[in-house]
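Work through the exercises below with the sequence and the model side by side. Each task is followed by its solution.

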Amino acid sequence: MPARLEHVNICVPDPVATAAVLERLFDWHIRWEGVSPGDGYSIHVGVTEGYVALYRPGHGMQAADPGRYRRWAGLNHVGVVVSDLDQAEARVRAEGYETHGHAAYEPGRRFYFDGPDGVEYEVVAYGA
């Protein structure tokens with residue numbers, strides 16, 4: 001039986017604000033929110049099949065690391081599949097984010113943007 005990815009958990013300073021942006025960009029919904037271990041706060045935003053867990057660590061636990069692509073075990077980006085890439089890019093730009101890294105290679109077209117909290121997102125449409 002193959003496993004499937006259920007969620008990715010990323011640390012953010014304001015889960016409420018980040019969740020609101022992701023809801024608008026991708027038509028996602030909040031699946032759960034509440035107090036988390038370590039005096040933190042989490043919001044799970046996504047769809048029935050999977051989600052992004054937005055976790056704000058408790059006081060004194062925050063640490064910034066700008067080396068996204070330059071360290072082992074770092075988060076490079078979060079990939080999101082959409083049905084209409086042009087519409088998705090229009091939404092991203094309307095929120096004030098710049099897009100980059102446009103590419104069209106098998107199996108689909110894609111672009112990237114640095115979204116809330118500096119997390120990079122890859123938005124891809126397959127067969128488009």
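**Exercise 1.** What volume does the second largest pocket have?

Solution. The model is predicted: local features need pLDDT of at least 70, side-chain atom pairs count only at pLDDT 80 or more, and totals for chains, interfaces and linings use all residues. Residues are numbered from 1 along each chain as its sequence is written, and side-chain values use heavy atoms, without hydrogens and water.

A pocket is an open set of points on a 1 Å grid over the protein atoms alone, where a 1.4 Å probe fits, with protein on both sides within 12 Å along at least five of seven lines; lining residues have an atom within 4 Å of a point. Volume is the space filled by probe spheres set on the points, which are joined across faces, edges and corners. For the second largest pocket this gives about 320 Å³.

**Exercise 2.** Describe the lining of this pocket.

Solution. Step one: 15 residues line the second largest pocket, and Trp28, Gly50, Tyr51, Val52 and Gly79 lie nearest its centre. Step two: strand 5 gives the largest share, 4 residues. Strands are DSSP runs of E, at least two residues, numbered from the N terminus.

**Exercise 3.** Which strand does strand 5 join, and how do the two run?

Solution. Strand 5 is joined to strand 8 (residues 120-126) by 4 bridges, and the two run parallel. Within strand 8, Val124 is the bridge partner of Val81.

Terms used:
Two strands pair if DSSP finds at least two bridges between them.
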